[in-house]
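Here are my notes for your first look through this model. Keep the structure open and check each point as you read.

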Amino acid sequence: MKKKFNMPDTYVIIFFVVIFAAILTHTVPVGKFQMEKVTYITETGAEKTKVVPVAGSFAYELNEQGEPLVKGVKFFEPGGNVGVANYVFEGITSGDKWGTAVGVIAFILITGGAFGIILRTKAVEAGLFSLIKKTKGSEYLLLPIVFFFFSLGGAVFGMGEEAIPFAMVLIPIVIGMGYDAITGILITYVSTQIGFATSWMNPFSVAIAQGVAGVPVLSGAGFRIAMWIFFTGLGIAFTLRYAKRVKENPESSISYETDAYYRSEFSIEEHQDMEFKLGHKLVLAIVVLGMAWIIYGVVKFGYFLPEIATQFVIMGVASGIVGVIFKLDDMRINDIASSFRKGAEDLIGAAIVVGMAKGIVLVLGGAEAGEPSVLNTVLNWVATGLSGLPSAICAWVMYIFQSIFNFFVVSGSGQAALTMPIMAPLSDLVGVPRQVAVLAFQLGDGFTNLIVPTSGILIAILGIAKLDWIVWAKFQLKFQAVLFFFGSLFVIAGVLMNLQ
């Protein structure tokens, strides 16, 4: 009897990538760039300073014989250094509260816990089931509306991590509406990343890239807004076409079996008599006001992981108190603690992936341009290899490179700070407008966030959906090809139009 092939777990995939990275360190010499400070003005008029690599300053680290140094990583390293066997611990504990990895891990666990409390009140189910009953079969219209606003969130304030708690709410609901987890992922996470990739003002991606590249922040907005409209429409059309097919034949869904976890609990038929009480309305009001506070804080004051995580905690605790006072689903004071713990537990697997993914970068020597690493060498090789190619082809290769590089440096701001100081002046030499170099970065960074297993946010969303990454990747591959095709057309069009 032929054995069924078992798809590898995300942890297994990352492990083999770590092994591959370790092999690279024994064959590719390490190098670094000289660094300089650049100052740029943000869209709010604030002055920002970043330390970035100097284009053309790359140099190999040399050994005692004066040859390029190949610094192969060891299997095990004591004293807090990075070895192959150390990648999990070192990855999880790397960084700070402002980013990868420990900051993102804390954010995932805290927001998961906070929304665990909110979900415990059953306010979301009660509100949405009430809305569905009032719409009388036109709930299909909710899909494009949600997709549009989430894409707008990705474009305006870089919505990414914030999609995690919404996915915890909406994925079970759309399953109860007769769709599947894939539909839930499309309207929550996929929509935000389409907005993120095509943004004209994202403060954590395009604004930083433009500032570092010496391009006026918010310039080229007309082109990007048109691009955002196109890709958002494309995403909505794809989602509606897919959702209609699943609605007509639920068993055709690749997530049909795993959706069983939510299907009975969130069945519309079984909740027809669910009452939408005053307490439920107060909890939803807290969530709406809390999200408005977060958006205002991000746009107006530049709130990031520490502030947003704290805002979610306040939302969660306030919702729990309302749940206890109004005895929603017989909620008691201890349920606030237990539901927070349960919400965090559901995302612990995704949080660990963030650390593991950072471990890949650490094995390669880190992502600091001023420190010797294999990544710096690869970046320099690509920059050198582009010389002499036609400008449109150069821009397209930049797009491909940024897409691949995103596997290793998922952070949009981190990738911008590392690659744009090299790609921007290089674009001058090969006849590519700097604005197009920024365009290649943001499209390559944003679209591949939908498929790279090193994205902690994606893995968190898939964890909520109870879906293996490899299953999602097989589904996403065709859509990824469509996005890449049209993304390539926009990049080439930018060159032909001399986008400035």
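1. Helices and strands are DSSP runs, numbered from the N terminus: a helix is H or I with at least four residues, a strand is E with at least two. Ile-360 is buried, at 1% relative accessibility. Here buried means under 20% relative accessible area, exposed means over 50%, and partly exposed is in between (1.4 Å probe, protein chains only). Now find Ala-22. The C-alpha atoms of Ile-360 and Ala-22 are 8.6 Å apart, although 338 residues separate the two along the chain.

2. A word on the source. This is a predicted model, where local features need pLDDT of at least 70 and side-chain atom pairs count only at pLDDT 80 or more, while totals for chains, interfaces and linings use all residues. Residues are numbered from 1 along each chain as its sequence is written, and side-chain values use heavy atoms, with hydrogens and water left out.

3. Next, the whole chain. The protein chain has 20 helices and 4 strands. Its radius of gyration is 23 Å, close to the 23 Å that the globule rule gives for 500 residues, so the chain is as compact as a globular protein of that length. That radius is taken over C-alpha atoms, and the rule is 2.2 Å times the number of residues to the power 0.38. The C-alpha atoms fill a box of roughly 75 × 60 × 55 Å along the principal axes. Of the 500 residues, 53% count as buried.

4. How many aromatic pairs does a search of the whole structure find? The count is 27. Rings of Phe, Tyr and Trp (its six-membered ring) pair if their centres lie within 6.5 Å; planes under 30 degrees apart are stacked, over 60 edge-to-face, and the rest tilted. Phe-58 and Tyr-60 make an edge-to-face pair, with 5.1 Å between centres and 80° between planes. Phe-58 is buried at 15% relative accessible area, whereas Tyr-60 is partly exposed at 30%.

5. Trp-472 and Phe-475 form a tilted pair: 5.5 Å centre to centre, 40° between the planes. Both sit in helix α20 (residues 469–496), 3 residues apart, so about one helical turn separates them. An α-helix has 3.6 residues a turn, so residues three or four places apart point the same way. Trp-472 is buried at 0%. Phe-475 is buried at 14%.

6. Ring pairs also build a cluster. Its members are Phe-223, Phe-230, Phe-231, Phe-447, Phe-485, Phe-486 and Phe-490.

7. Look for charges over rings. The test is NZ of Lys or CZ of Arg within 6 Å of the ring centre and within 35 degrees of the ring normal. The charged end of Lys-247 sits over the ring of Tyr-179, 4.9 Å from its centre. The charged end of Lys-466 sits over the ring of Tyr-261, 4.5 Å from its centre.

8. Lys-466 has another feature. Just after α19, Lys-466 takes a positive phi of about 60°. Helix α19 (residues 456–464) is mostly covered, with 8 of its 9 residues buried. Among them are Ile-457, Leu-458 and Ile-464.

9. Two further residues have positive phi. Asp-330, not a glycine, has phi of about 55°. Asp-330 lies in the loop between α12 (305–325) and α13 (333–346), and is exposed at 63%. Asn-498, also a residue other than glycine, has phi near 55°. Asn-498 is in the segment after α20 and is partly exposed at 45%.

10. Last, the second largest pocket. A pocket is an open set of points on a 1 Å grid over the protein atoms alone, where a 1.4 Å probe fits, with protein on both sides within 12 Å along at least five of seven lines; lining residues have an atom within 4 Å of a point. The volume is about 760 Å³, meaning the space filled by probe spheres set on the points, which are joined across faces, edges and corners. Of the 28 lining residues, Val-146, Phe-150, Phe-166, Leu-170 and Val-288 lie nearest the centre.

11. Which helix gives the largest share of that lining? Helix α5 does, with 9 residues. Helices α4 (123–135), α5 (142–157), α6 (163–176) and α11 (278–301) each supply at least two. The lining divides into 26 nonpolar, 2 polar and no charged residues. Nonpolar covers Ala, Val, Leu, Ile, Met, Phe, Trp, Tyr, Cys and Pro; charged covers Asp, Glu, Lys and Arg; the others, Gly among them, are polar.
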